[in-house]
Amino acid sequence: MRVVERDTEFAVVDGLLAAAVAGHGGALLVRGAAASGKTALLRAFGARARAAGALLSQATASDAERDVPLGVLGQLLLGARLPTPAATRATRLLDLVAVTAPTRRTSATLPAPVVNVLAELNGMLLEKARDKPLVLVVDDVHHADPFSLEALLHLARRLATSRVLLLLAESEGALSGPACTGAARFSVDLPRVAGCRAVRLGPLSLRGVGELAADGSGGSEGCADIGACQGSGCSRCRGGFDGQATSRWRARPFVEDLHRVGGGNPLLTRALLEDSRARAVGHGPDGPAELLPGEAFAQAVTACLYRGDTTARHTAWALAVLGPDATHAELADVLGADRETTRRGLEALRATGLLASGWFRHEAGRTAALRGMGPAHRARLEARAAEVLHAHGRTAAVVVRHLLQAEPVAAAWARTALLEAAGRALADDEVGLALACLRVARDSRPDERRSLEIKAALTRAAWRVDPATAAQHLSDLTAGALAGRLDPGLAGELVGHLLWFGRVDEALAVLGAAEEGRAAEGGRVATPPSGAVHRLDDVRLWLAYAYPGLARPERAPAAVPPPRTGPAGARERTATLLATVLGGCGDDTVARAERILQGTRLDDRTVPALTAALDALLLADRPDKAAYWCEALGKEAAVRAAPLWQARFAALTARVELRLGAPAAALASARTALTLVPAEGWGVALAAPAAVAVAAGTALGRLDEAAVHLGPPVPEAAFHTPDGLLYLRARGHYYLAAARPYAALDDFRACGDLMTAWGLDRPALVPWRTDAAEAHLALGDEHRARALAREQLDLVGREAVSPRGVALRVLAATLAPARRPPLLAEAAEILRDTGHRLELLRATEELARAHRALGGTGRARALARAAQRLARACGIPAPAAPPPDTAAPHGRDGARPAPPRGRTAGLSDAELRVATLAARGHTNRQIADKLHITVSTVEQHLTRAYRKLEVRSRADLTHLSGLSDLTYLAGRIRPVAGSGTR
């Protein structure tokens, strides 16, 4: 290994070596920081000594062998090639000292026998030097045992008339502590001996680092003096540092980075070069684009720390744990040392090249220092750091960084700091940090009441990500609430969590216990430090309307006190609003809902209130406003990285998009909601996104995809909520599209039974009567279908809302063709005004068929084109253009006729159309006009139809069963548009 920038040291050793050869021995003590190149320099000195014909004997001291008497001297004697008798005598003397001498010196004076042994052993070395110069090299002499140090001093005092050269190396900063007292005295006494000198190795300069870089990269081009280089204009650089002719390893920016990060430490610099060479693979001859410390640098940092003294190593560890903002006093307290000792440790680290201005030169240095600690020591040090920082008045956010890495700290101040930091982290949307703080607080052995508060906070924080993972503490919290150990404010929050997972009985029991506890305390509710209070009155009112399958409240919503500000007030106002909406939307419903949406901040406690206000807008038939707020809240939830919030607003967005006639977008939003939070995390709320996914898939005609979303089981308790009604309705329409009208009718009737039992039989919630009417039509029971449609119209009254438009459309299907157009026209007008495009599409198609059945060809054609445009706008396949004389989807009496059977099945569509019109009494010219074909073509189709049907005249056609039914004809030509959703 090449040694750079040590010309002065080489000159000194060359002079000493020449003097030793001439019979005037001496000693050289090389000092320097850990890993400053002392060992490499000693090896280079030894190589020069061998080249000069001297005998070289080397020894390396070790802290592990500090208690072995004369261990270092024994190594030197072994390498001196003593004659056999002398070697045998030396071995006996070393064994004698090892047996009789104490492992530690207890006084400054050596026992006389030991002094005599040292003199005899040194005499052997001096005698050996008579033959040829003897160079004795001792590395890490500060770790040598006390007896060896005395032997070296004894020898040094006798070198003036010998041919012995003593070369020693010691680390600065490693001579503190009781174990290093002898080494410290040796370091002071040796330079005082005649012929002995001491040199200190400093860090490499910019030039020295440049030489290492050029040597390490194997290149020889470039300026010989990087420190004096003129940059790109330097005439000695053979083209400068532009990377065209000179290796990038010698470029000034790269060398400056090496010097800055490595601090001039040869070991660190070589490690950085090794990492750079590893990264240079694939970068071409100019090397990597930037200097990035890697594994070699990390290992070099660890080596520097373990080669230095213990104080410096522990100082580096404490500093790495505390961070760059630590004060000198905090560092000293963590170390448990006085300030002077701490200062010496920092100075040793600075001299090593690891620190600059009191902090690590590169973050990789700090990372390596942390990695070099054992896990147990790191945990203890982090705990000590947290304690010290707390004592020095640091904020909870600073203290908990260490508590999270520390061994468990059971002190009350630690729990308080963790809970405070968790609350702050959750407010800042740092859910991961909040959960980490709360888990450490939970494991700090708190008392039972405090433990319940921590578990409640854990549940609240985890709920934002995935309720399934947050549910692990619900049983403990429920038991605590029933035993009266959970604060009533937290009990209100627990009720909502239990209801989410359908644990209805437990929720009601917790609510009852909390109300009893509040009554026993005179209505006083203490505020826990880790969460907000839910007023129990608000919870009871909320349950009555957000979970209508439970018992109704004893008091009417009108008796609720005036709304308060803050989260609880928002919940109260929303519950009251929902009561009004479900009872029949008032004139101010939309305004009240928007006031809630505008004045409520999105957080864990207000998400239910905000989603309920959006529900109110949908129930009030204002999907346009609901769409705006869904988009705004969904974006905020995404920015704040709250998966559950995103999922809930995505599910609401899907409902709005379906209501606005965008089933493809609704299906995508529903998928997003179910992706953000898995099905097991949705609890009873799974019914909401699943319902939209099923309904949208059915509307798009993708029945297989809709069936997939019916797969995950919805909790039974979901059918005590409005979301359960939506699920039943969506499943019913899927069954209709899949030709299972009886199953569909069961689901629609189940909706009606539930809504009636809840006292919330409102078409705005679920228009189950018109749904059931469509199922009856599919079964051929037009009488029952007509009754249900009229009943629905009576409920909605004359108000122009979408349930009335749907009811008019269904009622028209039960009437004779002549009575349909007025009802369908009114339905289309209402549905157009309310933005219900899917239902408007169905009403428009049926109106087109009604006009065509009555002979209004032009009007029917215009309506059919409008239906096609609507279908394309809704993102569903546009219906084909209808045949010129397609009749309504039902017969004259409104019932669906049976399809024709027998011989008519062999006719082509064109033949069937012509034969049907002929059977109705149309002439060939009229048929040609209606079908936009020639009279000759009509005659050809009739001829083939007569032959296939085995008839001779038009009169015979009228006797064929079902041939004149235009409903079946339309079905044969193209499917009835929108039938997939019925």
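**Conversation about a predicted model**

Colleague: Is Asp-621 buried or exposed?

Modeller: Asp-621 is buried, as its relative accessible area is 13%. Buried means under 20% relative accessible area, exposed means over 50%, and partly exposed lies in between, using a 1.4 Å probe and protein chains only. This is a predicted model, in which local features need pLDDT of at least 70 and side-chain atom pairs count only at pLDDT 80 or more, while totals for chains, interfaces and linings use all residues. Residues are numbered from 1 along each chain as its sequence is written, and side-chain values use heavy atoms, with hydrogens and water left out.

Colleague: Where does Asp-621 lie?

Modeller: Asp-621 is in the loop between helix H28 (607-619) and helix H29 (623-639). Helices (H or I, at least four residues) and strands (E, at least two) are DSSP runs, numbered from the N terminus. The phi of Asp-621 is near 65 degrees, a positive value in a residue other than glycine. Most residues other than glycine have a negative phi.

Colleague: And what is phi of Ala-641 near?

Modeller: Ala-641 has a phi near 50 degrees, again positive in a residue other than glycine. Ala-641 sits in the loop between H29 and helix H30 (643-659), and counts as partly exposed at 46% relative accessibility.

Colleague: Let us step back. How many helices and strands has the protein chain?

Modeller: The protein chain has 47 helices and 7 strands. Of its 982 residues, 53% count as buried. Among contacts (heavy atoms within 4.5 Å) with a separation of 6 or more, 69% are between residues 24 or more positions apart.

Colleague: How many aromatic pairs does the structure hold?

Modeller: There are 9 aromatic pairs. Rings of Phe, Tyr and Trp (its six-membered ring) pair if their centres lie within 6.5 Å; planes under 30 degrees apart count as stacked, over 60 as edge-to-face and the rest as tilted. Phe-10 and Phe-45 form one of these pairs, edge-to-face, at 5.5 Å centre to centre with 85 degrees between the planes. That pair links distant parts of the chain, 35 residues apart: Phe-10 is in helix H1 (residues 7-21) and Phe-45 in helix H2 (residues 38-51). Phe-10 is buried at 10% relative accessible area, and Phe-45 is buried at 1%.

Colleague: Why is the pair of Trp-463 and Phe-501 edge-to-face?

Modeller: The ring centres of Trp-463 and Phe-501 are 5.6 Å apart and their planes meet at 80 degrees, so the pair is edge-to-face. Trp-463 belongs to helix H20 (residues 448-463) and Phe-501 to the loop between helix H23 (488-500) and helix H24 (504-520), so the pair ties together parts 38 residues apart in sequence. Trp-463 is buried at 11%, whereas Phe-501 is partly exposed at 22%. Ring pairs also join Trp-463, Trp-500, Phe-501 and Trp-682 into a cluster.

Colleague: How many residues of H20 are buried?

Modeller: In H20, 13 of the 16 residues are buried, so H20 is largely enclosed by the rest of the structure.

Colleague: Which residues touch the most other members of the largest nonpolar core?

Modeller: Leu-403 and Trp-682 do, in a core of 187 residues. A nonpolar core is a set of buried Ala, Val, Leu, Ile, Met, Phe, Trp, Tyr and Cys residues joined through side-chain atoms within 4.5 Å. Leaving aside neighbours within four places in sequence, Trp-682 is in contact with residues including Trp-500, Ala-647 and Pro-689. Another core, of 46 residues, lies apart from the largest one, with Leu-118 and Val-193 among them.
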